[in-house]
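Me: I am new to this structure. Please take me through some of the terms used for it, one at a time.

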Amino acid sequence: MQYVAFEGVDGAGKTTVATLVAAALIRDGLDVVMVREPGGTAIGEAVREILLGARESMMARTEALLFAAARTQLAAEVIEPALARGAFVLSDRTVYSSLAYQGGGRGLGVASVREPNMWGLGSVWPDLVILLEVDPEAGLSREDSSDRISSEGLALMQEVAETYRGLADAEPGRFRRIDAARDIELVVSECLDVIEAAL
Ligand code: TYD
């Protein structure tokens, strides 16, 4: 168990929680690599610009494939080597974001979106998914900046939240659901408990 995903709707607090969890694990002496998606490599960051900044309307399939492309690069360039040396990888979003946002939110279907990602990633797949749950409306109002996807609004985010719940139910061994509407210290300590238990 070395590859941990932080997932959730926009504004769930993934970035803050993942950063605090990483700091705690580093204090405990673990070799920790933290990454974010989309991004984390030069190619991935360039693809991120297209994905989040594009003004033109983008086909949902194009969007899914670009996320998968950025992720494939990150897996090969950063995650696989980190796992190979025994490091612990914490990721702010992973393939499960694509399943929830493009598969559910955009209506492409989870199974269809899984395909190109499996092809791109091979065995580099999260061992543990921490799903930070907040009410989608509260999440959107917590966002301080909005990008092309989060500005789509509440209906998309509700679909995303529901898809995440379905994914968690389908893979109970991989997912842990955490109520992220509570105090940040509590959320972080619960994440650390979950990771420790999985180790
Ligand atoms: P980001 O700034 O990372 O948002 P957040 O802080 O909420 O994680 O932007 C990522 C946006 O892209 C976010 O709206 C979720 C979306 N996204 C997808 O739709 N599919 C994906 O596969 C990934 C990784 C992100």
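Me: What covers the buried residues of H5?
Reply: The cover includes helix H3 (60–84) and helix H4 (95–105). This is a predicted model: local features need pLDDT of at least 70, side-chain atom pairs count only at pLDDT 80 or more, and totals for chains, interfaces and linings use all residues. Residues are numbered from 1 along each chain as its sequence is written, and side-chain values use heavy atoms, with hydrogens and water left out.

Me: Which residues of H5 are buried?
Reply: Val113, Asn117 and Leu121 are. Buried means under 20% relative accessible area, exposed over 50%, and partly exposed in between (1.4 Å probe, protein chains only).

Me: How do you know that they are on the same side of H5?
Reply: They cover an arc of only 60° around the axis, which puts them on the same side of H5. The arc is that of the directions from the helix axis to the C-beta atoms. An α-helix has 3.6 residues a turn, so residues three or four places apart point the same way. On the other side of H5, Ala111, Glu115 and Trp119 are exposed.

Me: How do you know that the span of helix H5 agrees with its 12 residues?
Reply: The expected span is 1.5 Å times one less than the number of residues. For residues 110–121 that gives 16 Å, and the end C-alpha atoms are 16 Å apart, so the two agree. Helices are DSSP runs (H or I, at least four residues), numbered from the N terminus.

Me: What comes just after H5?
Reply: Gly122, with a positive phi of about 60°.

Me: Why is Asp147 called partly exposed?
Reply: Its relative accessibility is 23%, so Asp147 counts as partly exposed. Asp147 sits in the loop between helix H6 (136–142) and helix H7 (154–170).

Me: What is Asp147 in contact with, leaving aside its neighbours within four places in sequence?
Reply: Asp10 and Leu52. Contact means heavy atoms within 4.5 Å.

Me: What polar side-chain atom lies 2.8 Å from a nitrogen atom of the ligand?
Reply: One of Gln102. A polar contact is a pair of N or O atoms within 3.5 Å. The protein covers 91% of the 540 Å² of accessible area that the ligand has on its own, by the Shrake-Rupley method with a 1.4 Å probe.

Definitions and conventions: Helices (H or I, at least four residues) and strands (E, at least two) are DSSP runs, numbered from the N terminus. A polar contact is a pair of N or O atoms within 3.5 Å; within protein, one must be able to donate a hydrogen and the other to accept it, and residues adjacent in sequence count only if both atoms are side-chain atoms.
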